[in-house]
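Thanks for coming. I will walk through one model this morning, a few helices at a time, and then a group of aromatic rings.

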Amino acid sequence: MPDILNLTIQQTINGVVMGCLYVMVALGLTLIYGVMNQINFAHADFVTLGGFAAYFFVQWLGGAYLLSIVVALFAGALLGYLINLAIFAPLRERGDELRPLIATIGVSILLENGALLAFGPVPYQFNSPYDETIRFGKIFFTTQSLLVVIVASSTIAGLYLFMKYTFTGKALRAISQDRETAGLMGINQKFLIMLTIVIASAMAGMAGAMLGPILVLTPFAGASVIVKSFAIVIIGGFGNMAGTIIAGLLVGLIEAFTTQYLGSGVIDLVVFALLLVMLLVKPTGLVAEKKEENV
(Lines give C-alpha, C1' and ligand atoms only; values in the text may rest on other atoms or scores of the structure.)
Protein backbone atom coordinates (compact mmCIF):
# COMPACT_ATOMS: atom_id res chain seq x y z
CA MET A 1 0.00 0.00 0.00
CA PRO A 2 1.44 3.44 -0.89
CA ASP A 3 2.77 5.43 2.07
CA ILE A 4 0.35 8.30 1.47
CA LEU A 5 -2.60 5.88 1.66
CA ASN A 6 -1.23 4.28 4.82
CA LEU A 7 -0.79 7.70 6.36
CA THR A 8 -4.32 8.75 5.41
CA ILE A 9 -5.86 5.62 6.92
CA GLN A 10 -3.74 5.96 10.07
CA GLN A 11 -4.71 9.57 10.67
CA THR A 12 -8.35 8.78 9.91
CA ILE A 13 -8.28 6.14 12.66
CA ASN A 14 -6.65 8.58 15.08
CA GLY A 15 -9.19 11.25 14.17
CA VAL A 16 -12.17 8.95 14.67
CA VAL A 17 -10.92 7.94 18.14
CA MET A 18 -10.56 11.55 19.30
CA GLY A 19 -13.77 12.48 17.51
CA CYS A 20 -15.69 9.86 19.49
CA LEU A 21 -14.44 11.36 22.75
CA TYR A 22 -15.38 14.86 21.61
CA VAL A 23 -18.84 13.66 20.61
CA MET A 24 -19.37 12.08 24.04
CA VAL A 25 -18.65 15.42 25.72
CA ALA A 26 -20.39 17.63 23.17
CA LEU A 27 -23.59 15.56 23.14
CA GLY A 28 -24.09 16.40 26.81
CA LEU A 29 -23.88 20.10 25.99
CA THR A 30 -26.24 19.62 23.06
CA LEU A 31 -28.74 17.70 25.17
CA ILE A 32 -28.81 20.38 27.87
CA TYR A 33 -29.15 23.20 25.35
CA GLY A 34 -31.80 21.37 23.34
CA VAL A 35 -34.01 20.66 26.36
CA MET A 36 -33.25 23.65 28.61
CA ASN A 37 -32.01 26.25 26.11
CA GLN A 38 -29.04 26.78 28.41
CA ILE A 39 -25.26 26.34 28.25
CA ASN A 40 -23.49 24.50 31.05
CA PHE A 41 -20.02 25.97 31.58
CA ALA A 42 -19.34 23.44 34.36
CA HIS A 43 -19.54 20.51 31.94
CA ALA A 44 -15.74 20.25 31.74
CA ASP A 45 -15.55 19.46 35.43
CA PHE A 46 -17.83 16.45 35.07
CA VAL A 47 -15.29 15.11 32.57
CA THR A 48 -12.50 15.71 35.10
CA LEU A 49 -14.44 14.05 37.93
CA GLY A 50 -15.15 11.01 35.77
CA GLY A 51 -11.47 10.66 34.97
CA PHE A 52 -10.42 10.85 38.62
CA ALA A 53 -13.23 8.53 39.76
CA ALA A 54 -12.07 5.90 37.28
CA TYR A 55 -8.41 6.44 38.21
CA PHE A 56 -8.89 6.01 41.95
CA PHE A 57 -11.20 3.03 41.43
CA VAL A 58 -8.48 1.27 39.46
CA GLN A 59 -5.40 2.44 41.39
CA TRP A 60 -6.70 2.44 44.98
CA LEU A 61 -9.40 -0.23 44.92
CA GLY A 62 -7.83 -2.48 42.32
CA GLY A 63 -10.95 -2.45 40.20
CA ALA A 64 -11.11 -3.45 36.54
CA TYR A 65 -10.73 -0.65 34.01
CA LEU A 66 -13.95 -1.55 32.19
CA LEU A 67 -15.83 -1.36 35.46
CA SER A 68 -14.20 2.00 36.17
CA ILE A 69 -16.03 3.44 33.16
CA VAL A 70 -19.30 2.46 34.84
CA VAL A 71 -18.07 4.01 38.10
CA ALA A 72 -17.26 7.23 36.23
CA LEU A 73 -20.74 7.18 34.69
CA PHE A 74 -22.38 7.01 38.12
CA ALA A 75 -19.97 9.58 39.59
CA GLY A 76 -20.83 12.06 36.85
CA ALA A 77 -24.55 11.34 37.16
CA LEU A 78 -24.48 11.75 40.95
CA LEU A 79 -22.60 15.05 40.75
CA GLY A 80 -25.01 16.34 38.12
CA TYR A 81 -28.00 15.33 40.26
CA LEU A 82 -26.63 16.97 43.42
CA ILE A 83 -25.64 20.23 41.72
CA ASN A 84 -29.01 20.47 40.00
CA LEU A 85 -30.79 19.78 43.28
CA ALA A 86 -28.74 22.27 45.31
CA ILE A 87 -28.13 25.09 42.82
CA PHE A 88 -29.71 24.92 39.37
CA ALA A 89 -33.25 23.86 40.29
CA PRO A 90 -33.78 26.54 43.01
CA LEU A 91 -32.52 29.22 40.60
CA ARG A 92 -34.80 28.03 37.78
CA GLU A 93 -37.81 28.19 40.11
CA ARG A 94 -37.23 31.93 40.45
CA GLY A 95 -38.02 32.28 36.76
CA ASP A 96 -34.69 33.85 35.83
CA GLU A 97 -32.81 32.00 33.08
CA LEU A 98 -29.70 34.16 33.43
CA ARG A 99 -28.96 33.14 37.03
CA PRO A 100 -28.55 29.37 36.30
CA LEU A 101 -26.23 30.28 33.41
CA ILE A 102 -24.04 32.43 35.64
CA ALA A 103 -24.22 29.75 38.33
CA THR A 104 -22.62 27.20 35.96
CA ILE A 105 -19.55 29.46 35.78
CA GLY A 106 -19.40 29.65 39.57
CA VAL A 107 -19.85 25.88 39.90
CA SER A 108 -17.04 25.32 37.40
CA ILE A 109 -14.63 27.53 39.35
CA LEU A 110 -15.68 25.83 42.61
CA LEU A 111 -15.18 22.31 41.25
CA GLU A 112 -11.86 23.09 39.58
CA ASN A 113 -10.39 24.64 42.70
CA GLY A 114 -11.86 21.88 44.85
CA ALA A 115 -10.18 19.29 42.61
CA LEU A 116 -6.93 21.26 42.76
CA LEU A 117 -7.10 21.25 46.56
CA ALA A 118 -7.97 17.56 46.75
CA PHE A 119 -5.69 16.13 44.06
CA GLY A 120 -2.93 18.73 43.77
CA PRO A 121 -1.43 20.21 40.60
CA VAL A 122 0.79 17.20 39.78
CA PRO A 123 -0.50 15.24 36.73
CA TYR A 124 -1.68 11.67 37.27
CA GLN A 125 -0.66 9.03 34.76
CA PHE A 126 -3.67 6.77 34.17
CA ASN A 127 -2.43 3.56 32.54
CA SER A 128 -5.02 1.40 30.83
CA PRO A 129 -4.53 -2.38 30.70
CA TYR A 130 -5.75 -2.19 27.11
CA ASP A 131 -2.47 -0.95 25.67
CA GLU A 132 -1.82 -3.80 23.25
CA THR A 133 -1.05 -2.61 19.73
CA ILE A 134 -2.97 -4.13 16.82
CA ARG A 135 -1.20 -3.91 13.46
CA PHE A 136 -2.33 -4.31 9.88
CA GLY A 137 0.81 -3.75 7.89
CA LYS A 138 1.96 -0.20 8.63
CA ILE A 139 -1.40 0.75 10.15
CA PHE A 140 -1.80 0.32 13.89
CA PHE A 141 -4.03 1.23 16.83
CA THR A 142 -4.27 0.20 20.45
CA THR A 143 -7.00 -1.85 22.06
CA GLN A 144 -7.74 1.26 24.18
CA SER A 145 -8.56 3.18 21.00
CA LEU A 146 -10.81 0.33 19.86
CA LEU A 147 -12.51 0.33 23.26
CA VAL A 148 -13.12 4.10 23.03
CA VAL A 149 -14.82 3.71 19.65
CA ILE A 150 -16.96 0.76 20.79
CA VAL A 151 -18.08 2.37 24.08
CA ALA A 152 -18.72 5.78 22.49
CA SER A 153 -20.63 4.30 19.55
CA SER A 154 -22.75 2.14 21.86
CA THR A 155 -23.50 5.10 24.14
CA ILE A 156 -24.43 7.37 21.24
CA ALA A 157 -26.64 4.68 19.70
CA GLY A 158 -28.28 4.05 23.08
CA LEU A 159 -28.97 7.74 23.56
CA TYR A 160 -30.49 8.00 20.09
CA LEU A 161 -32.77 5.00 20.69
CA PHE A 162 -33.75 6.36 24.11
CA MET A 163 -34.65 9.79 22.68
CA LYS A 164 -36.41 8.38 19.63
CA TYR A 165 -38.44 5.47 20.93
CA THR A 166 -39.01 5.67 24.69
CA PHE A 167 -41.84 7.61 26.31
CA THR A 168 -39.37 9.55 28.47
CA GLY A 169 -37.24 10.41 25.44
CA LYS A 170 -40.28 11.66 23.55
CA ALA A 171 -41.25 13.71 26.59
CA LEU A 172 -37.78 15.31 26.58
CA ARG A 173 -38.21 16.17 22.92
CA ALA A 174 -41.63 17.62 23.66
CA ILE A 175 -40.13 19.93 26.30
CA SER A 176 -37.46 21.04 23.84
CA GLN A 177 -40.17 21.97 21.32
CA ASP A 178 -42.59 23.76 23.62
CA ARG A 179 -42.07 23.65 27.37
CA GLU A 180 -45.35 25.40 28.23
CA THR A 181 -47.53 23.13 26.11
CA ALA A 182 -45.68 20.05 27.37
CA GLY A 183 -46.45 21.16 30.94
CA LEU A 184 -50.13 21.56 30.10
CA MET A 185 -50.13 18.01 28.76
CA GLY A 186 -49.05 16.73 32.17
CA ILE A 187 -45.35 16.21 31.50
CA ASN A 188 -43.24 16.57 34.64
CA GLN A 189 -40.79 19.27 33.56
CA LYS A 190 -38.74 19.35 36.75
CA PHE A 191 -38.04 15.64 36.65
CA LEU A 192 -37.13 15.63 32.96
CA ILE A 193 -34.83 18.64 33.28
CA MET A 194 -33.11 16.87 36.17
CA LEU A 195 -32.85 13.71 34.04
CA THR A 196 -31.33 15.71 31.19
CA ILE A 197 -28.58 17.04 33.45
CA VAL A 198 -27.96 13.58 34.91
CA ILE A 199 -27.65 11.95 31.46
CA ALA A 200 -25.35 14.71 30.18
CA SER A 201 -23.20 14.52 33.31
CA ALA A 202 -23.01 10.71 33.12
CA MET A 203 -21.80 10.87 29.52
CA ALA A 204 -19.18 13.45 30.50
CA GLY A 205 -18.00 11.16 33.32
CA MET A 206 -17.65 8.24 30.91
CA ALA A 207 -15.69 10.43 28.51
CA GLY A 208 -13.35 11.39 31.35
CA ALA A 209 -12.69 7.73 32.15
CA MET A 210 -11.76 7.02 28.54
CA LEU A 211 -9.83 10.26 28.12
CA GLY A 212 -7.65 9.62 31.18
CA PRO A 213 -5.41 6.95 29.61
CA ILE A 214 -4.99 9.09 26.47
CA LEU A 215 -4.11 12.33 28.27
CA VAL A 216 -2.69 12.91 31.73
CA LEU A 217 -5.16 13.65 34.51
CA THR A 218 -5.10 17.06 36.19
CA PRO A 219 -7.81 19.12 37.93
CA PHE A 220 -8.17 20.95 34.61
CA ALA A 221 -8.19 17.90 32.33
CA GLY A 222 -11.75 18.56 31.18
CA ALA A 223 -10.81 22.03 30.00
CA SER A 224 -8.60 20.46 27.33
CA VAL A 225 -11.66 19.11 25.50
CA ILE A 226 -14.51 21.38 26.55
CA VAL A 227 -13.51 24.37 24.43
CA LYS A 228 -13.45 22.20 21.32
CA SER A 229 -16.71 20.62 22.43
CA PHE A 230 -18.36 24.04 22.53
CA ALA A 231 -16.99 24.65 19.03
CA ILE A 232 -18.42 21.30 17.92
CA VAL A 233 -21.87 22.19 19.26
CA ILE A 234 -21.81 25.46 17.30
CA ILE A 235 -20.43 23.89 14.12
CA GLY A 236 -22.98 21.07 14.26
CA GLY A 237 -25.92 23.34 15.12
CA PHE A 238 -27.07 24.26 18.62
CA GLY A 239 -29.20 21.54 20.16
CA ASN A 240 -28.92 19.20 17.16
CA MET A 241 -27.69 15.71 17.99
CA ALA A 242 -26.99 14.62 14.41
CA GLY A 243 -25.05 17.80 13.72
CA THR A 244 -23.04 17.36 16.91
CA ILE A 245 -22.02 13.81 15.97
CA ILE A 246 -20.94 14.87 12.47
CA ALA A 247 -19.09 17.93 13.75
CA GLY A 248 -17.35 15.96 16.51
CA LEU A 249 -15.98 13.40 14.07
CA LEU A 250 -15.03 16.18 11.65
CA VAL A 251 -13.07 18.05 14.33
CA GLY A 252 -11.34 14.82 15.36
CA LEU A 253 -10.25 14.21 11.76
CA ILE A 254 -9.13 17.81 11.30
CA GLU A 255 -7.09 17.57 14.49
CA ALA A 256 -5.40 14.34 13.37
CA PHE A 257 -4.46 15.60 9.90
CA THR A 258 -3.43 19.01 11.21
CA THR A 259 -1.07 17.35 13.68
CA GLN A 260 0.44 15.30 10.87
CA TYR A 261 0.95 18.06 8.31
CA LEU A 262 1.11 21.33 10.26
CA GLY A 263 2.04 20.32 13.81
CA SER A 264 0.08 20.13 17.05
CA GLY A 265 0.68 23.80 17.84
CA VAL A 266 -1.83 25.01 15.25
CA ILE A 267 -4.69 22.58 16.00
CA ASP A 268 -6.77 25.16 17.88
CA LEU A 269 -6.10 27.73 15.18
CA VAL A 270 -7.46 25.44 12.47
CA VAL A 271 -10.49 24.29 14.50
CA PHE A 272 -11.56 27.80 15.45
CA ALA A 273 -10.90 29.08 11.94
CA LEU A 274 -13.44 26.46 10.84
CA LEU A 275 -15.80 27.72 13.55
CA LEU A 276 -15.54 31.30 12.29
CA VAL A 277 -16.06 30.20 8.68
CA MET A 278 -19.12 28.21 9.74
CA LEU A 279 -20.58 31.19 11.61
CA LEU A 280 -20.10 33.36 8.53
CA VAL A 281 -21.29 30.89 5.90
CA LYS A 282 -23.87 28.78 7.75
CA PRO A 283 -24.67 30.22 11.20
CA THR A 284 -27.27 27.51 11.87
CA GLY A 285 -24.57 24.82 11.73
CA LEU A 286 -23.92 21.77 9.55
CA VAL A 287 -27.43 20.49 10.18
CA ALA A 288 -29.93 23.31 9.81
CA GLU A 289 -31.63 24.06 13.12
CA LYS A 290 -35.25 22.98 13.29
CA LYS A 291 -36.59 23.26 16.79
CA GLU A 292 -38.95 20.35 16.36
CA GLU A 293 -36.05 18.09 15.38
CA ASN A 294 -33.58 19.13 18.05
CA VAL A 295 -32.48 16.56 20.62
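One term to begin with: a helix here is a DSSP run of H or I with at least four residues, and helices are numbered from the N terminus. Please also keep in mind that this is a predicted model.

I start with α9, which covers residues 223–236. Its 14 residues reach 20 Å from the first C-alpha to the last, close to the 20 Å expected at 1.5 Å a residue. How much of α9 is covered? Mostly covered is the description, with 10 of its 14 residues buried. Among the buried ones are Val225, Lys228, Ser229, Phe230 and Gly236. The cover over these residues includes α1, α2, α8, α10 (241–261) and α11 (267–281). Just past the end of α9 comes Gly237, with a positive phi of about 115 degrees.

Why does Val225 count as buried? The cut-off is under 20% relative accessible area, and Val225 counts as buried because its value is 3%. Setting aside neighbours within four places in sequence, Val225 touches Tyr22, Val25, Val47 and Leu211. For a sense of distance, Val225 and Ala273 are separated by 48 residues in sequence and by 17 Å in space, C-alpha to C-alpha.

Next, α8, residues 189–211, which holds Ser201. Is Ser201 buried or exposed? Ser201 is buried, because its relative accessibility is 1%. Beyond its neighbours within four places in sequence, the contacts of Ser201 are Phe46, Gly76, Ala77 and Gly80.

Now a helix pair. Helix α3 (residues 65–93) packs with helix α4 (residues 98–119) at an angle of about 145 degrees, and their axes are 10 Å apart. The crossing of α3 past α4 is right-handed. On the α3 side, the residues that meet α4 are Leu79, Ile83, Ile87, Phe88, Leu91 and Arg92. On the α4 side, they meet Arg99, Pro100, Ala103, Thr104, Val107 and Leu111. Sorted by class, this contact has 9 nonpolar, 1 polar and 2 charged residues.

As for α4 itself, its 22 residues span 32 Å from first C-alpha to last, close to the 32 Å expected at 1.5 Å a residue. Which residues of α4 are buried? They are Pro100, Ala103, Thr104, Val107, Ser108, Glu112 and Ala115. The cover over them includes α2 (43–59) and α3. Directly after α4, Gly120 takes a positive phi of about 80 degrees.

A positive phi also turns up at Asn37, about 55 degrees, although Asn37 is not a glycine. Asn37 sits in the loop between α1 (3–36) and α2. Asn37 counts as partly exposed because its relative accessible area is 42%.

Last, the aromatic rings. A ring pair is described by how far apart the centres are and by the angle between the planes. How many aromatic pairs are there? The count is 15, taking rings whose centres lie within 6.5 Å.

Terms used: Residues are numbered from 1 along each chain as its sequence is written. This is a predicted model: local features need pLDDT of at least 70, side-chain atom pairs count only at pLDDT 80 or more; totals for chains, interfaces and linings use all residues. Side-chain values use heavy atoms; hydrogens and water are left out. Axes are lines fitted to C-alpha atoms, for helices over the stretch in contact, and angles run from 0 to 180 degrees between N-to-C directions. Helices (H or I, at least four residues) and strands (E, at least two) are DSSP runs, numbered from the N terminus. A crossing is left-handed if the near helix is turned anticlockwise from the far one by less than a right angle, and right-handed if clockwise. Contact means heavy atoms within 4.5 Å. Ala, Val, Leu, Ile, Met, Phe, Trp, Tyr, Cys and Pro count as nonpolar, Asp, Glu, Lys and Arg as charged, and the others, Gly among them, as polar. The expected span of a helix is 1.5 Å times one less than its number of residues. Buried means under 20% relative accessible area, exposed over 50%, partly exposed in between (1.4 Å probe, protein chains only). Rings of Phe, Tyr and Trp (its six-membered ring) pair if their centres lie within 6.5 Å; planes under 30 degrees apart count as stacked, over 60 as edge-to-face and the rest as tilted.
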